[in-house]
Structures are given as C-alpha cells and as structure tokens.
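Hi,

Here is the structure I said I'd pass on.

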Amino acid sequence: MNALDEMRDAALAGDVARAVGTASLEARLRGLAAHGAAGACTGGGVARQALCAHELAARRWLVQPFARRPGYRVGIDAAANVFVRRDGQDPTLSPAMTGSHIDTQPLGGWLDGAFGVAAGLEVFDALDRLGLRTRRPIDVAMWTNEEGSRFAPGLMGSVAFTAPQRLEAFLGVRDGDGLRFEAARDAAVDDLRAEALRQGWNWMDTPLARPVHGYIEAHIEQGPVLEAEGLQVGCVSAIQGVRWFRITVPGRSAHAGTTPLAARDDAQAKAVRMAHALLEHAARCGDDRLRLTIGRWECSPGSINTIAERVVFTVDARHPEAAALDAVRALVDAALPAGGQIEVLQDKPTVRFDAALAGLARAACAALRLSHREMLSGAFHDAMPLAGFCPSAMLFAPSRGGVSHHPDEDTPIDDLAACTRALAWCLARLAGPLVSSTPPEASKD
C-alpha cells in the first residue's frame, strides 16, 4: 500500500469510528442486560449463566437484527459459540474477529463480557451507516462459558475453538444440578438453528479452528487503573501469569478446654502462620505488580470447641514475570508444615499479545485522540486462548471504582463509546481496505 492509499484508509477508519453511535450502543447494552436482570430485592445486577434460558434468549435477541440483513450471516459451532459475520469483498479470505462473552457470574454486572459483543455489533452498524465494505469478512463472536460459574472450567468456548481436541473433555462436565455440558450445548445449538429456520436467517457453517486473520477484544478493565488516571482506553499488551495452589495442613483434633497449648498439634495455628508469611511477602516484597489472594479457607471438624485437625486453603498468585511466581512457590515450600501437601490447580504463564496488533490499538487511540496507556490484564479473557491461535490483542474501557463481578459494575457510556471507536478503527484497518458500496446479498446454505 502506497502512502496515499495508507492515508485514505486511515481516514476512512476514522470515519467508521466516528459513526459509532453512543445512544445505539447504550440501547443494545441495556436491552442485553434485561435478559436475566435480577430484581431489586437482590440489589440489581444480571444473572445469566452459560447456556441458561436467559442466555439463549439473549443470543437470539442480539443476532436477530443482522440475521436477515443483506451481507450478513449467522452460525453456531460445536462448542455452542455463536458468530455473526459481515461478508467482505473477498470470501476466500479469513475473517478479522472481535467479540467476547455474554454469560455472567451467578449474580454479576451488566458489562463484563457483554460490552465486547455489543461493541462489535455496533461496529457493524457504523459500517452500514456509511455504506462501506471491507476486503475481509468480520466476525463477532459470542464465546460459550467464559466465566465458568455454571460449568468448570471457564473459557470453554474459546479454548474448544482454538483446540478442538479439548472439547471432548468438556462434554461430561456437570453443573450444580447434574446437567452435562454436552446436553446444554446440544440444546443451545438446536435452539439457534430452529430460530434460524423459523425466521429465514442467512446461515453459515462454522467449524472449530477455522482460520482467523486477527482477533481484538474490547472489555471493561475490571480494575481501577484507567479511572484513577483519567484515561479513556487501555491498550492491553499481555495477560499476566497465574498459579493456583491448594494447600492442606494437617493437625490432630483435641478438646479446646483441656489441651494445653504446648501439647497441641493445631492445624489452624500452623495454617495461619503460613498464610501470614505469604501475605507479608506480598506486602513487603516491593513489587506492586504481585497479586496474592487467599480465596478459600476450610477448617475441619469446624467445631467451636475442638482443635482443628485439618485446614485446606487456596492461594492465587499473579504476576507478569515467572521469577516472581517462582518466589511465591519457594515460600510456599519453605513455610509448609511437616505432613502438609501442595496441589497445583493451575499454572498459566503470561500470555503476550501480538506486537503488531497491540500497536494497531495504540495507533487507533492516537489517531482518534483518545487518552490511553499500555497495560496488563490481571484477569482471564477469551483473548487468552485466541492469542495462541492467531494474532490477538485487547482494548479496555475504565471500570467505575474498579468494580466487577458485582451488580454495582458500571462504566460511563461515553467511555464505552470511546473504546468502541478505537475497536472500530482497528477492525476497519485489520479487515480493510475499505470501499464504498452497498453490502452484497448474503448467500444461504
């Protein structure tokens, strides 16, 4: 591409970004939040766990405006991931992709995951408002079971998409009521296919692991950094590494009133000393990038007047550098009492995003004069498995008070729109060049 073409394409990308509608973005997000909205007695929020009736209805609602629109197609894959495609000029090219998830925690907020899906669909509307076509197709994905609150583990849909051989292990996972993921997956696929047949939607086949030119996901930060610094957008360069440990500390139960302190083998006392050593390390190591959390604490027999014979607790350690996580593990080993056990529940190294695509995100913010910074993600996202499959990156919008996974989760709509404009600019460049024309008639399978 010569300099004039580059300038023209960048200018058109700016036009697409400016065509993003603040009111329409908010309307889509508010409409989505109505699916699974919790009542006032629970303090509000959204209860829309993976593949429940509320989520299936939300998927149909999101897809419906595009499913019969010329130039668009809809599909669902073997992991129940849903895709809306805007056709490009060249149907042989792999798509640029964006998206996120719309499942929530048992009681979550209205933006976690949902924002990324709504933002991608708003980019479609912006392109349509301007009558512009991209060279490549663009797909908006709704990934299945990102949260993992109904079926464990999380990220099932995006992991299965990028590594289809792992789907088999997910199928037998059961929710709290004993329902297998396979049954919920089958019901979701049947539900969307039946709706497509009833409504005459433009349909497409969506095999797992199909080629993707690049993936960029918009998400709320779920942390306080952007708001504290008064910035509009975070350009995410990596998702930090994490290690989860389950630690078992043994003791011997005895009567609380008759056993002298010197004669006790108190699992609770030993576990508390160990936990204190870990938390002191986090507080005094001088590295504010370290995140260390003791999330679960189970004491048995759990009687008020009985010395504990066993304590089991978990440690969640996160840091972008493996050496810092190694230091936590070394401390766990050194502090473990005699007879104690350590189980590694999870060990995920830092996932670094594609340098060129992360640079595109920064270029978008610069071109649109959006205040921004480069940053890490402390939480998992669907972009994590995608990063090992295709060039990937993320954009963050601020979170009010850093609150997430809670009914109080919120972000000002102007900040959500700013992040969506950066996404629009990136997708226009990633799928471009852009040309003016009427979208093509979509083919039907």
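**Notes on the model**

Pro301 sits in the loop between β9 and β10; helices (H or I, at least four residues) and strands (E, at least two) are DSSP runs, numbered from the N terminus. The peptide bond that joins Ser300 to Pro301 is cis, with omega about 10 degrees. There is another cis bond from Ala152 to Pro153, with omega near 5 degrees, and Pro153 belongs to the loop between β5 and α5.

Before going further, the ground rules. This is a predicted model, where local features need pLDDT of at least 70 and side-chain atom pairs count only at pLDDT 80 or more, while totals for chains, interfaces and linings use all residues. Residues are numbered from 1 along each chain as its sequence is written, and side-chain values use heavy atoms, with hydrogens and water left out.

Most residues other than glycine have a negative phi, and most peptide bonds are trans. Leu51 has a positive phi near 60 degrees and lies in the loop between α2 (22-33) and α3 (53-67). Is Leu51 buried or exposed? Leu51 is buried, at 7% relative accessible area (buried is under 20%, exposed over 50%, partly exposed in between, with a 1.4 Å probe and protein chains only). Ala209 also has a positive phi near 60 degrees, in the loop between α7 (181-199) and β6 (214-220), but Ala209 is partly exposed at 31%.

**The strands around β2**

β2 (residues 82-86) has five of its five residues buried. In a regular strand the side chains alternate between the two faces of the sheet. Here both faces are covered: Val82, Val84 and Arg86 are buried on one side, and Phe83 and Arg85 on the other. So both arginines in that list are worth a look in your viewer, going by the burial of Arg86 and Arg85.β2 pairs antiparallel with β1 (residues 72-76) over five bridges (two strands pair if DSSP finds at least two bridges between them). Arg86 is the bridge partner of Tyr72. In the hairpin of β1 and β2, five residues lie between the strands, and Ala80 has a positive phi near 70 degrees. β2 is also joined to β5 (residues 138-143) by five bridges, again antiparallel, with Val82 opposite Met142.

In α4, 14 of the 17 residues are buried, so the rest of the structure largely encloses the helix. Gly131 follows α4, with a positive phi near 65 degrees.

α10 (residues 322-335) has 14 residues, and its end C-alpha atoms are 20 Å apart, in agreement with the 20 Å it should span. Its buried residues are Ala324, Leu325, Val328 and Val332. Seen down the axis they fall within an arc of 100 degrees, so they line one face of α10 (the arc is that of the directions from the helix axis to the C-beta atoms). Ala323 and Ala334 are exposed on the other side. The elements covering the buried residues include β8 (241-250), α9 (267-284), β9 (291-300), β10 (310-319) and β11 (341-348), where contact means heavy atoms within 4.5 Å.

α11 (residues 355-368) also reaches 20 Å, close to the expected 20 Å for its 14 residues. Leu357, Ala358, Leu360, Ala361, Ala364, Cys365 and Leu368 are buried. These cover an arc of only 150 degrees around the axis, which puts them on the same side of α11. On the other side, Ala355, Ala356 and Ala366 are exposed. What do the buried residues of α11 pack against? Their neighbours are α1 (3-18), β6, β7 (233-239), β13, β14 (392-397) and α13 (413-431).

**Pocket and cavity**

The largest pocket has a volume of about 1600 Å³. Its lining counts 48 residues, with Trp244, Asp316, Arg318, Gly378 and Ala379 nearest the centre. α5 (156-162), β8, β9, β10, β11 and β13 (372-377) each give two or more residues to that lining.

There is one cavity of 30 Å³ or more, and the largest cavity holds about 30 Å³ of space. Thr104, Gln105, Gly108, Gly109, Asp112, Glu147, His405 and Glu409 line it.

For both terms, a 1 Å grid is laid over the protein atoms alone: a cavity is a set of points where a 1.4 Å probe fits but cannot get out, a pocket is an open set with protein on both sides within 12 Å along at least five of seven lines, and lining residues have an atom within 4 Å of a point. Points are joined across faces, edges and corners, and a volume is the space filled by probe spheres set on the points.

Cheers

Terms used: Expected span 1.5 Å × (residues − 1).
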